[in-house]
Amino acid sequence: MLKDYVCPDCGLCIGDGSTSCIRCGCPMPQVREGKKTSVKLPYTEWAGHNDVKSAPKDKYGNPNGTNYDLLRDGSMKGYKILLINLCPDWDVCGKRVSYENPIRALNNKGFEVIYTSSFPEDLDNATHDVCQLWLISGNRQTITPDQIDQVIRFYERGKGLYLWADNDPFYADVNPIIGRMFCSSMSGDYKGDRVLGVQGKTGGTGIVRGHLISTGIANFYEGITISNVFMNQSLKPLVYSSDGKVVTAYSDADGKRVLIDGGFTRLCTNWDSAGTDRYVVNAAGWLGNFERFGWRIPR
């Protein structure tokens with residue numbers, strides 16, 4: 001059945017029969033439900049804007065409301081994320097941590113998150129209909145050479161990869177992967193626990209201005225105790241922590257996207273601190289790589 005009218009330029013969906021886009025004026029053809037279209041960007045109108053002066057602000061000074069995220073609510077229905085947690089026994093104050101908050105935030109955008117605390121026997125089969133893989137490292141290496149091969153094959157197909165690490169030694173499963181992929185590594189045991197702003201100058205502390213992942217983020221929590229990424233020409237910085245080192249790096253070379261992060265505690269502790277929920281869903285939106293693969297209208 002026919003469903004939404006969709007702008008082929010900016011991706012705006014309107015269900016009221018509009019024939020031209022209220023954002024950019026382009027004609028809006030009606031499309032069939034679930035059909036993959038030429039629309040590439042399921043983004044809000046604020047994509048790439050760190051702050052919106054006219055927007056109400058939350059207590060951390062960020063635009064308040066999910067409409068200021070990179071992705072529209074519900075726009076990711078039909079898309080799946082596989083989250084492999086190789087550190088399932090980690091706890092805080094004697095209580096095992098939970099990843100319910102980031103999963104709930106991703107669900108709000110429409111993503112189905114498949115959570116597992118063990119590496120699948122056959123990753124290729126487990127990810128045949130998954131758009132991105134998120135992997136949380138343990139404090140001792142359990143990932144095998146064959147599993148590393150499988151992760152790299154997933155990435156080489158152009159699907160999004162998020163490698164989550166933390167302070168020493170909680171990068172044991174990430175280091176052998178990024179060593180193979182980028183000749184890089186992670187190190188450090190820095191106690192951050194600060195709120196950062198938008199980067200004011202190249203190499204300065206904060207999150208990079210104007211990146212799609214930093215949409216709607218004027219202030220950003222760096223994590224409690226974190227590690228840093230060894231940088232080289234294969235990687236780009238996304239976040240410089242308060243010690244001046246890169247806590248989050250990325251690559252988008254050759255149409256493939258990966259994030260490497262030294263602060264997975266942001267996912268499970270101090271969730272309500274500055275910008276974390278928005279950062280998580282923005283990262284998932286960027287890793288969806290819709291500029292390469294296009295976007296399906298939600299069913």
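**Ground rules.** I am working with a predicted model, in which local features need pLDDT of at least 70 and side-chain atom pairs count only at pLDDT 80 or more, while totals for chains, interfaces and linings use all residues. Residues are numbered from 1 along each chain as its sequence is written, and side-chain values use heavy atoms, with hydrogens and water left out.

**Entry 1, the sheet.** I took helices (H or I, at least four residues) and strands (E, at least two) as DSSP runs numbered from the N terminus, and I counted two strands as paired if DSSP finds at least two bridges between them. I found an open sheet of eight strands in the order 7-4-8-9-17-16-15-12, with mixed pairing. Strand 7 (112-116) and strand 12 (206-207) are its edge strands, each pairing on one side only. Strand 4 (residues 80-85) runs parallel to strand 7 over five bridges, and there K80 stands opposite E112.

**Entry 2, strand 17.** I then followed strand 17 (residues 258-261) and noted which strands it pairs with. Strand 9 (residues 160-164) is joined to strand 17 by four bridges in the parallel sense, with W164 and D261 as bridge partners. Strand 16 (residues 246-251) is also joined to strand 17 by four bridges, but these two run antiparallel, and here Y250 is the bridge partner of L259. Strands 16 and 17 form a hairpin with six residues between them, and D254 in the turn has a positive phi of about 60°. From strand 17, V258 and I260 point one way and L259 and D261 the other, and all are buried (buried is under 20% relative accessible area, exposed over 50% and partly exposed in between, with a 1.4 Å probe and protein chains only).

I paired rings of Phe, Tyr and Trp (its six-membered ring) if their centres lie within 6.5 Å, calling planes under 30 degrees apart stacked, over 60 edge-to-face and the rest tilted. By this rule I count ten aromatic pairs. The ring centres of W134 and Y162 are 5.0 Å apart with the planes at 50°, so I list this pair as tilted. Since W134 lies in strand 8 and Y162 in strand 9, the pair ties together parts that are 28 residues apart in sequence. W134 is buried at 3% relative accessible area, and Y162 is buried at 0%. Y250 and W286 form an edge-to-face pair, 5.5 Å centre to centre with 85° between the planes. That pair ties Y250 in strand 16 to W286 in helix 5, parts 36 residues apart in sequence. I also noted one aromatic cluster, formed by W134, Y162 and W164.

Is A47 buried, partly exposed or exposed? It is partly exposed, with a relative accessible area of 26%, and it is found in the loop between strand 3 (30-32) and strand 4. Taking contact as heavy atoms within 4.5 Å, and not counting residues up to four places away in sequence, I find that A47 touches L70, L212 and T215. The C-alpha atoms of A47 and G216 are separated by 7.9 Å, although these residues are 169 residues apart along the chain. T265, in the loop between strand 17 and helix 5, is buried at 4% relative accessible area. With the same exclusion of residues up to four places away, T265 touches W90, D166, G223, I224 and T225.

On a 1 Å grid over the protein atoms alone, a cavity is a set of points where a 1.4 Å probe fits but cannot get out, a pocket is an open set with protein on both sides within 12 Å along at least five of seven lines, and lining residues have an atom within 4 Å of a point. Grid points are joined across faces, edges and corners, and a volume is the space filled by probe spheres set on the points. My search of the whole structure finds one cavity of 30 Å³ or more, and the largest cavity holds about 40 Å³. Its lining includes W134, L83 and L267, and helix 1 (100-108) supplies the largest share, three residues.

The largest pocket holds about 370 Å³. Of its 22 lining residues, T66, D69, W271, D277 and R278 are the closest to its centre.
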